[in-house]
Structures are given as structure tokens and as C-alpha cells.
Amino acid sequence: MSVATAALVSGSSSLGHFKRSPKNGVFLYRTLFTGEKRGTFKTFQSDLFLRSSSGSMRNRVSTKSRPFSPVMEWQDCTTEMEVDVPCSVAYACYSDRESIPKWMPFISSVKILKDKPDLSRWALKYEAFGQDIEFSWLARNMQPTPNQKIHWRSLEGLPNRGAVRFFPKGPSSCKIQLTVSYEVPQILIPVASALKPFLSGLLLRGLERFSVYAKESQSKVSKS
């Protein structure tokens, strides 16, 4: 049983709720989970539809009815860390988008478009909440502020946006603040309350690994 199905069976309201009328409330649940009426459950973007496998609907449940239409939820995650490299080094390392998979745990690939270097294709792949999660998106890097700010927004695919800010803490260190905003994917709506702290932990792990990566990069430059 999928997470989404399990949530509905247990009565969770995280996916929304059915219109519980005496005429269709029981029918919908029995159709979805016991197979009565030979019903099937299909997901189309942000709406859930109920249809009969025979093509005919009974008990006044038609293909036009939509039991519920959940509102897409956006979440914001912010984490920060001090690193032992100056802002210029941290900024240069973070600007190398195709190297981000080396230190960010859940990013599997980033490919910059050759003809449009401000655009890049991202792929996310990670196992969490008992599922193999995979998403992709096309992002545009907005006009940066050198050594201070990098920010982006997605143009297609998984809706998200974010910013990385760099604050000097001394001649050889800085504070990095990473903020990521995203629309909770429908497959993860049942665990939305756990998603934000989970992602915050991943982002922090990413910055910890970035700190090591940036220091190693600085060391290589110093030796060359």
C-alpha cells in the first residue's frame, strides 16, 4: 500500500477530505479500498478522480465529480553555517553549479545549458519516507551580487526558488545562509509536516560538506 493510500485509510486529512454526503461518502471509501463497485483510484496532478473500470458510474458518482482539490502547499527552509574560507572563495565554489552534486546529498546532477548559461537542468534523487524520490526541474539563475548573493527560481518541473547569501565574519571566514522554497510534491503531501525538518537536516549536511569542499578548493588554488 502506498503512503498516500495508507494516509487515506487511516483517515488522515493531509491530502484533503472527501465530500462526505450520505449518498457518496461510504461509496467512495469502499470503492477505493475494498474494490467494491470495481472502482479504481487515479491521480492527475493536483486532483483526485474516481472512475469505474467499466466506464459507468453508480450511486450518482460521475466522472465530473471531484471528491476534493487540495491546495498546493509551499514550504520554506533556511539553514546557515560559518565556514573557514572568505566570502570570495565560498561564492566562487557555490557559483560552480555543476559541482553541487559533490556536496549536496540529494542533488544527483546539474547540467548548465551551453547556449544559455544562466539556465541549468537539475535532478534530485533520494530515498526517504520509504520511497525512492526523484524530481527534475529547469532553473534560471537570477542576476547575482558578487560575493554576496546567488539566487534562482525554477521555470519548469518541480516548483522551487531560493537564495544563498554570504556574510563576512573575518578575513578568512564567512557565514553562509541558504534558503530554499518549494511546492510540496503531491506524492509527499501525506508527510508534509515531516518534510521541512527532514529537508532542513539535508541542507545542513550539505553545507557541512560544502565547508570541506570549499576549504579543499582554496588549498588547491594556494598550492598552484
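Some housekeeping. Because the model is predicted, local features need pLDDT of at least 70 and side-chain atom pairs count only at pLDDT 80 or more, while totals for chains, interfaces and linings use all residues. Residues are numbered from 1 along each chain as its sequence is written, and side-chain values use heavy atoms, with hydrogens and water left out.

I start with the core. A nonpolar core here is a set of buried Ala, Val, Leu, Ile, Met, Phe, Trp, Tyr and Cys residues joined through side-chain atoms within 4.5 Å. Buried means under 20% relative accessible area, exposed means over 50%, and partly exposed is in between, with a 1.4 Å probe and protein chains only. The largest nonpolar core has 45 residues. Those with the most contacts inside it are Tyr 94, Met 104, Phe 166, Ile 176, Leu 178 and Phe 210. Helix α4, residues 192-223, provides the largest share of this core, nine residues. For the element names, helices (H or I, at least four residues) and strands (E, at least two) are DSSP runs, numbered from the N terminus.

Take Phe 210 on its own. Setting aside residues up to four places away in sequence, Phe 210 touches Ala 90, Cys 93, Tyr 94, Trp 103 and Ile 176; contact means heavy atoms within 4.5 Å. Ala 90, Cys 93 and Tyr 94 are among the buried residues of α3, along with Cys 87, Val 89 and Tyr 91. The cover over the buried residues of α3 includes β7, β8, β9 and α4.

That brings me to β9, residues 173-183. Nine of its eleven residues are buried, so the strand is largely enclosed by the rest of the structure. Which strands pair with β9? One is β3, residues 74-83, antiparallel over ten bridges. Another is β8, residues 160-170, also antiparallel and over ten bridges. Two strands count as paired if DSSP finds at least two bridges between them. The hairpin that joins β8 to β9 runs through two residues.

Next, the charged pairs. How many salt bridges does the structure hold? There are four, where a salt bridge is a side-chain nitrogen of Lys or Arg within 4 Å of a carboxyl oxygen of Asp or Glu. I will go through three of those.

Lys 175 and Glu 80 meet through their side chains at 3.9 Å, N to O. Lys 175 is in β9 and Glu 80 in β3, so this pair ties together parts that are 95 residues apart in sequence. Lys 175 is partly exposed at 23%, and Glu 80 is partly exposed at 39%.

In the pair of Arg 140 and Asp 118, the closest N and O atoms are 2.7 Å apart. Arg 140 lies in strand β6 (131-141) and Asp 118 in the loop between β4 (107-112) and β5 (119-128), so parts 22 residues apart in sequence are tied together. Arg 140 has a relative accessibility of 28%, and Asp 118 is also at 28%.

Arg 121 and Glu 156 form a salt bridge at 3.3 Å, N to O. Arg 121 sits in β5 and Glu 156 in β7, residues 149-157, 35 residues apart. Both are partly exposed, Arg 121 at 43% and Glu 156 at 41%.

Trp 137 is in β6 and is buried at 8%. Beyond four places in sequence, its contacts include Leu 124, Arg 121 and Glu 156.
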